[in-house]
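Reader: Please take a close look at a single part of this model. I would like one connected account, residue by residue.

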Amino acid sequence: MVLSKLPDVGTTIFTVMSRLATERQAINLGQGFPDFNPDSRLIALVDEAMKAGHNQYPFMPGVAPLRQAIADKIETLYGHAYHPDTDITVTSGATQALMTAIMATVHPGDEVVVLEPCYDSYVPAIRLAGGTPVPVPLRTPQTDDPYYRVEWDRVRAAITSRTRLLLINFPHNPTGAVLNDADLDALEKIVSDTGVILLSDEAYEHIVFDGVLHASIARRPALAARSILIGSFGKTFHITGWKLGYCCAPAALTVELRKVHQFMVFTVSSPMQFAVAEYLKDPLPYLNLPTFYQAKRDRLFEGLKKTRFRPLPSPGTFFLLADYSAISDVPEAEFAKWLTTEHGVAVIPIAAFYGKPDAPSSNRQMVRFCFAKQDATLDTALERLQRV
Ligand code: PMP
Ligand code: GLN
């Protein structure tokens with residue numbers, strides 16, 4: 001038998017729920033991906049790139065036009081100038097960027113502070129690097145404040161002399177929480193006091209609602225100087241299956257990231273990189289994304305209000321949470337499976353984003369709905385949910 005390096009890790013909750021949804025022919029509002037196609041122009045650009053001969057190994061850190069386009073977008077939106085040659089690496093999605101960043105920086109015995117609930121790939125990556133995850137819970141919604149929030153004094157208190165990284169993710173999966181200017185102030189203070197490296201997963205940077213601007217760490221020079229910024233084109237351009245993302249960091253850190261990147265994947269799909277580089281010349285597709293998704297968020301939110309679920313506000317991402325305590329008191333994973341099987345709508349239990357998914361404290365009778373779906377899909381799901 002193989003001596004497992006991750007003995008308590010099973011198949012991801014996203015795969016488990018998608019498989020169940022397929023088996024039961026349920027509407028899949030679980031795993032986060034759109035049920036519609038990307039812009040046909042983007043698809044045509046891939047075709048053009050292939051016909052133009054971009055079919056062999058591209059340059060290891062990513063093709064020059066894409067790194068330039070990423071640099072330009074970040075500088076225009078957030079003000080920080082990453083150098084495309086020394087600071088930007090194109091990755092196979094944010095997932096690989098995260099694994100690369102953690103493998104390159106975390107040594108055995110190091111601690112990594114993560115916010116709970118936390119995206120499922122973080123903790124296994126930290127453990128594979130020999131590090132110890134140190135979870136800090138987000139403050140859960142209160143009656144007078146229905147948002148998840150970071151309690152920065154708790155983050156500060158979790159940092160020790162062994163802390164190598166502070167890993168944050170805003171807009172936040174699964175809660176939809178976003179940061180504001182005061183949060184960036186607090187973060188700047190923590191990072192400058194402690195000297196930790198900040199790893200910022202901004203996969204949902206272009207999905208922030210209600211006219212709010214995304215609080216990227218690239219808006220603050222002091223943060224950018226000691227951070228690794230991760231992005232993904234999967235959510236932004238409706239291409240989660242293309243697996244294209246990036247990692248931006250100061251040159252000295254990027255040298256280390258690329259040492260891992262070159263042996264993890266070496267490089268990523270060439271025609272997709274050229275196509276996205278060209279597509280990025282027009283900012284409208286990502287600038288219009290909040291309006292596009294806000295309508296879907298509101299459709300789902302309003303629809304859920306007519307059911308026995310109690311939806312929570314979602315300031316960002318393409319997810320929203322809903323409380324099911326008026327329907328059932330079973331633990332979240334059991335409820336998600338029951339809803340999929342009996343009512344034909346798949347969702348994700350929030351407990352799966354906690355280190356102890358079976359603990360009562362991780363089970364707050366809350367599930368995550370993905371609204372990156374055609375309106376007709378959402379409407380059919382809502383009809384089913386009304387019968388619950
Ligand atoms: N980080 C977060 C917070 C995510 O939600 C996801 C995927 N939904 C990823 C990283 C992975 O992104 P990618 O598909 O680009 O690997
Ligand atoms: N990030 C997606 C989600 O939260 C899932 C991606 C995956 O399945 N790895 O649903």
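**A buried histidine and the ligand site**

Author: His-206 counts as buried, because its relative accessibility is 6%, under the 20% cut-off. The model is a predicted one. His-206 sits in a loop. That loop runs between strand E6 (197-201) and helix H8 (221-224). Its side chain makes a polar contact with the side chain of Lys-73, at 2.8 Å. Lys-73 is also among the contacts of His-206 beyond four places in sequence.

Now the ligand. The residues surrounding ligand 2 are Phe-14, Gln-31, Gly-32, Tyr-119, Asn-173, Lys-235, Phe-319 and Arg-368. By type, this shell divides into three nonpolar, three polar and two charged residues.

Three of these side chains come with distances. A polar side-chain atom of Gln-31 is 2.7 Å from an oxygen atom of ligand 2. For Arg-368, a polar side-chain atom also lies 2.7 Å from an oxygen atom of the ligand. Tyr-119 places a polar side-chain atom 3.1 Å from a nitrogen atom of ligand 2. On its own, ligand 2 has 300 Å² of accessible area, and the protein covers 81% of that.

Note on methods:
Residues are numbered from 1 along each chain as its sequence is written. Chains are lettered from A and ligands numbered from 1 in the order in which they are written. This is a predicted model: local features need pLDDT of at least 70, side-chain atom pairs count only at pLDDT 80 or more; totals for chains, interfaces and linings use all residues. Side-chain values use heavy atoms; hydrogens and water are left out. A residue is near a molecule or strand if one of its heavy atoms lies within 4 Å of it. A polar contact is a pair of N or O atoms within 3.5 Å; within protein, one must be able to donate a hydrogen and the other to accept it, and residues adjacent in sequence count only if both atoms are side-chain atoms. Accessible areas come from the Shrake-Rupley method with a 1.4 Å probe; for residues, only the protein chains shown count as cover. Ala, Val, Leu, Ile, Met, Phe, Trp, Tyr, Cys and Pro count as nonpolar, Asp, Glu, Lys and Arg as charged, and the others, Gly among them, as polar. Helices (H or I, at least four residues) and strands (E, at least two) are DSSP runs, numbered from the N terminus. Buried means under 20% relative accessible area, exposed over 50%, partly exposed in between (1.4 Å probe, protein chains only). Contact means heavy atoms within 4.5 Å.
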